[in-house]
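Trainee: I would like to learn how to read a structure. Can we go through one together?

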Amino acid sequence: MTGALGIDHPLVGVRDLEAARRTYQSLGFAMKPPGRHPWGTSTALVIFRRQLLELVSIWDDGLLDSHPAGEFRFGRHVASHLAQGEGVALSALYSDDAEGDATAVVSRGGHCEGTIRFGRDVVLADGTTDRTSTVLKIFTRPELSRLSIFVCQQFRRDLIEFPEWMDHPNGATGFASATILAESKDHDRVRDWLQCLHGVTAEPTAWGFRVRTGNGWWRVASRNNAETLFGPVPEMLAPDGAPSVASLDLRVTDLNRLHPFLKSGDFAYREIDRQLVLTETDRLGGILLSFQEG
């Protein structure tokens with residue numbers, strides 16, 4: 001961690017949680033049993049050190065408008081995203097001090113919708129129970145709804161990061177980056193938003209720009225320039241052109257550990273610049289997945 005807010009967990013909105021969970025298990029991820037949020041969404045987690053990959057769906061339409069943060073409704077936001085299509089509905093940033101980090105983002109021009117506090121009961125291996133404690137600070141920006149962000153402080157990370165759920169058969173250890181697809185006309189707005197959130201200056205690249213976080217990078221590229229990173233971008237990925245998280249870019253200890261899962265699951269992929277890019281967005285929850293050693 002560098003002191004800046006780090007990528008914690010992008011929330012991949014899926015219509016069929018159990019089917020998506022089986023797909024990610026078949027890719028060699030250890031998946032926790034599904035859980036539920038009090039605002040009507042259901043969730044399944046891939047756990048890394050200080051990062052998660054979260055699949056999220058809807059389990060109770062009647063709760064979607066509960067637990068408001070100002071005008072923001074977490075469950076309703078996910079449902080609205082799914083009405084448009086699967087994919088990353090919003091993303092969490094890791095924080096050890098949600099209040100302080102939110103104040104810093106506001107000082108840089110960010111708009112905090114409000115705060116959500118919640119917990120979930122956890123049954124430990126010995127049969128005893130405990131409860132998580134989480135604070136979310138919700139940040140939005142007009143015309144960038146798919147890049148909505150929340151600062152997330154987990155007070156009981158020990159009730160989430162169980163070692164047995166962090167040893168993934170495919171060797172995945174966390175996110176190297178998350179890649180945003182945004183056309184050139186939107187780059188200034190996206191750059192300003194990410195700089196506001198992280199308090200750092202974007203770095204230009206051959207394909208667009210990137211922003212360092214406390215844990216991984218945001219990469220931003222237009223559809224055409226993203227071909228440098230991934231090859232041809234599927235048309236169904238953000239077809240309306242709205243800036244969207246298009247790919248989650250994972251680190252693995254050894255790419256050879258991934259190949260048996262790709263073969264047994266008959267996953268389509270391409271190899272580009274020492275990374276494997278999985279391209280079947282309809283199987284992956286409306287996103288690309290890329291894997292690199294490191």
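Trainee: Is Cys-112 buried, partly exposed or exposed?

Mentor: Keep in mind that this model is predicted. Buried means under 20% relative accessible area, and exposed means over 50%. Cys-112 has a relative accessible area of 24%, so Cys-112 counts as partly exposed.

Trainee: And where does Cys-152 fall, buried or exposed?

Mentor: Cys-152 is buried, at a relative accessible area of 1%.

Trainee: How many disulfides does the whole structure have?

Mentor: Start with the cut-off: the two cysteine sulfur atoms must lie within 2.5 Å. A search of the whole structure gives 0 disulfides. For Cys-112, the nearest cysteine sulfur belongs to Cys-196, 11 Å away. For Cys-152, the nearest is that of Cys-112, at 13 Å.

Trainee: Now helices. Which residues of helix H3 are buried?

Mentor: First, the general idea. An α-helix has 3.6 residues a turn, so residues three or four places apart point the same way. Now the case here. H3 covers residues 98-107, and its buried residues are Ala-98, Asp-101, Ala-102 and Val-105. Their arc around the axis is only 100°, so they sit on the same side of H3.

Trainee: Which residues are exposed on the other side of H3?

Mentor: Thr-103 and Ser-107 are exposed there.

Trainee: What covers the buried residues of H3?

Mentor: The cover includes strand E9 (134-140), strand E10 (149-154) and helix H4 (187-198).

Trainee: Which residue takes a positive phi just after H3?

Mentor: Look at Gly-109. Its phi is about 105°.

Conventions: Residues numbered from 1 in each chain as written. Predicted model: local features only at pLDDT ≥ 70, side-chain atom pairs only at ≥ 80, totals over all residues. Heavy atoms only, no water. Buried < 20%, exposed > 50% of the residue type's maximum accessible area, 1.4 Å probe, protein only. Helix = DSSP H or I, 4+ residues; strand = E, 2+ residues; numbered from the N terminus. Arc of directions from axis to C-beta. Contact = heavy atoms within 4.5 Å.
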